[in-house]
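Thanks, everyone, for making the time.

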Amino acid sequence: MDDPYKPKKSTSPRAGRLLAIDAWIDTTLYEAGFAAREFWENLTIFFRRFRVSGWRRGLVELLSEGFTLGAAGSVVMLALALPAFEETYGDWRAQDDFAVTFTDRYGNEIGQRGIIQRDSVPVDEMPDHVVKAVLAIEDRRFFEHYGIDFLGLVRAMSENVRANSVVQGGSSITQQLAKNLFLTNERTIERKVKEAFLAVWLEMNLTKEEILQLYLDRAYMGGGTFGIAAAADFYFGKTVKDLNLAEAAMLAGLFKAPAKYAPHINLPAARARANTVLNTLVQGGFMTEGQVLSARLRPADIVDRGDLQSPDYFLDWAFEEVKRIAAKSGVHSVVARTTIDMNLQKAAEESVEFHLRQHGKAYRVAEGAVVVMENDGAVRAMVGGRDYGTSQFNRATRALRQAGSSFKPYVYATAMEHGFEPKSIISDGPIWWGTWSPKNYSRGYSGRVSLTDALVRSINTVPVRLAKDHFGVKPVVELAHAMGVESPLEVFKTTVLGTSGMTVMDQVTGYNVFANGGYAGTRHGITQLLTHSGEVIYDHGKDAPIPRRVLSQQAVTAMNSIMVQIPERGTGRRAALPSIRSAGKTGTTQSYRDAWYVGYTGNYTAAVWLGNDDFSPTNDMTGGSLPAMVWQRLMAYAHQNVDLKPIPGIENPFVDPKVAAKAIAEAAKAAAKTPGEDAAPVADIGRPPLLSSTTTRLLRQMSSTFRTAPVIEAPAEPETLSAM
């Protein structure tokens, strides 16, 4: 028997090597752990020397938390600063080297844009009292702070609390310049954060004199002028170097609210504001009371410019059009004949202001935008906001707002191009598209309905079902872009109900395709560009691209046959025009943030948007209420004494009283049964026209002829026999 205690010989050298490696690993790990424990113990003993107690411990803890919060705050500040600094990309210092004088469609001058600062005077060459007046009222500590004046902000807040109103602003000149150069006037926290970062950035990249120069040259001064030099010429007919103290104080008062204090609009208010500037000159130690007394006793007078009011929002948009067109010509000083009709412009402004003053408080809505386009594509009027002096942000061309149901015509037009007809039947019932299940405005369903009834009543499920089951979202987006919508649209299922942002200009351009027979590429605001010597360098009739058909005649006729029923018996009854057939569509977005009415006749297309700049909800305002009323008042004026043209596919431009009465009865019955989106009282649209525009014009011509005809003298009576 073998001895169990006798060691056995290894049968494998490999096994011995593995055992050796295992032993080395164990030893190494043990020694490393021991060394780590020893190091930690030594480190702990070392730091015990710095251990504090009592009040010192509290101070150390406070500093520690401060460093932690500071590090976190630095990360947050960097995240907020990056979007602001993106605004500085590009040659932001460069002035536009275009100088454009604009005229309306009839050749009357309406304003200027571009290098109106061509007479710009360097700050060091301006009279001392001009610079002091601006600094006193706008930023007393301009040369002392670094972009943000915290002391000035505290002072302004205290003055506002004392006066129980906003009498002083807290923004420095640098902050205001940052807003003018890079940002808009939207009142949002994001804009204020960007403004603060950009103000510091400007202070780091420019000298104080450069900042002040840019501010004086770029600020809007009312009357369609930008910069103090242009304002001096417009209001007083002189250069900045020739301004006296009273005139300088009046101009300095314009920076806060140029529309409110513009002297050609409200001279008493401008003089009162100038007196406030004189007070700040004395209070700030810039001048003594004796030095300003003469300006108080003899306030400034202005040059009489008549009742000139520039369509500033339109001019801003037209200026961009001029730069795009004239860039290839090499001529940068031009006269631009535009398409604007100042009568329609005033009517559009009046309609927006009238309804917002009458109903804005009740609906909790503060802003509006309108674009009117003749059906040949000429932009006749543009309202980008209520007050250009308060906010130069053009809500008609730059504000992206959800379109709501006013986007549905693009979906239905796509359906018509895919073989559907107005009488095609689609189910209005519950529908699921993934996890999304859209509901109708009434929260009810109507079963099987025609496409006509679905669009007239603005049913939500039908356009969703068309896109989901038949052609998808992409063809809808492609057609909208082809029709002239320039804003990016998401290729997403909710887009068919208008969740993508669009501008008012997008809407009027797209709907104009229905009004002109299916053609895109007709929109224009410039008819001619001329040099100051009279040479024509651009003529829209000759040089513009040829319009292209984007909707078939069949689709146009089908869509118009549906959309003329919306003001007659659908959701847009408040937009119905007396005696004139029109077509259109309402739109209301989630939480009632945006409300639209976009419509057209055979003559004009107009889009109306109402809402709030801060995206706050309105008080249940729908597109069939206030926007439709704005549209109706404006378009009723626009169609006075014009030759009425039929909508393509609709033979008679006038309302047939019998058809109108039937439509009203059907609408009242349908509204009582299942009210649709934007339900509104049934309007009486059946009043027959008394005289056509052609007859009216001929009668006026005859009347004018009779009034101007020479008097025919009666023949002399024959002499009597007694006179012989």
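I will start with the pairing: strand β15 (residues 594-600) is joined to β16 by 7 bridges, and the two run antiparallel, where strands count as paired if DSSP finds at least two bridges between them. Before I go on, this is a predicted model, in which local features need pLDDT of at least 70 and side-chain atom pairs count only at pLDDT 80 or more, while totals for chains, interfaces and linings use all residues. Residues are numbered from 1 along each chain as its sequence is written, and side-chain values use heavy atoms, with hydrogens and water left out. Helices (H or I, at least four residues) and strands (E, at least two) are DSSP runs, numbered from the N terminus.

Between β15 and β16 there are 3 residues, and the two strands form a hairpin, in which Gly 599 has Ala 606 of β16 as its bridge partner. Strand β4 (residues 367-374) also pairs with β16, again antiparallel, over 8 bridges, and there Val 371 stands opposite Ala 607.

Is β16, then, buried or exposed? Of its 8 residues, 604-611, 8 are buried, which means under 20% relative accessible area, with exposed being over 50% and partly exposed in between (1.4 Å probe, protein chains only). In a regular strand the side chains alternate between the two faces of the sheet. Here both faces are covered, with Trp 609 among the buried residues on one side and Tyr 604 among those on the other.

Finally, Gly 147 sits in the loop between α3 (128-138) and α4 (150-163), and is buried with a relative accessible area of 0%. Leaving aside residues up to four places away in sequence, Gly 147 touches several residues, including Ser 172, Ala 199 and Lys 208, contact meaning heavy atoms within 4.5 Å.
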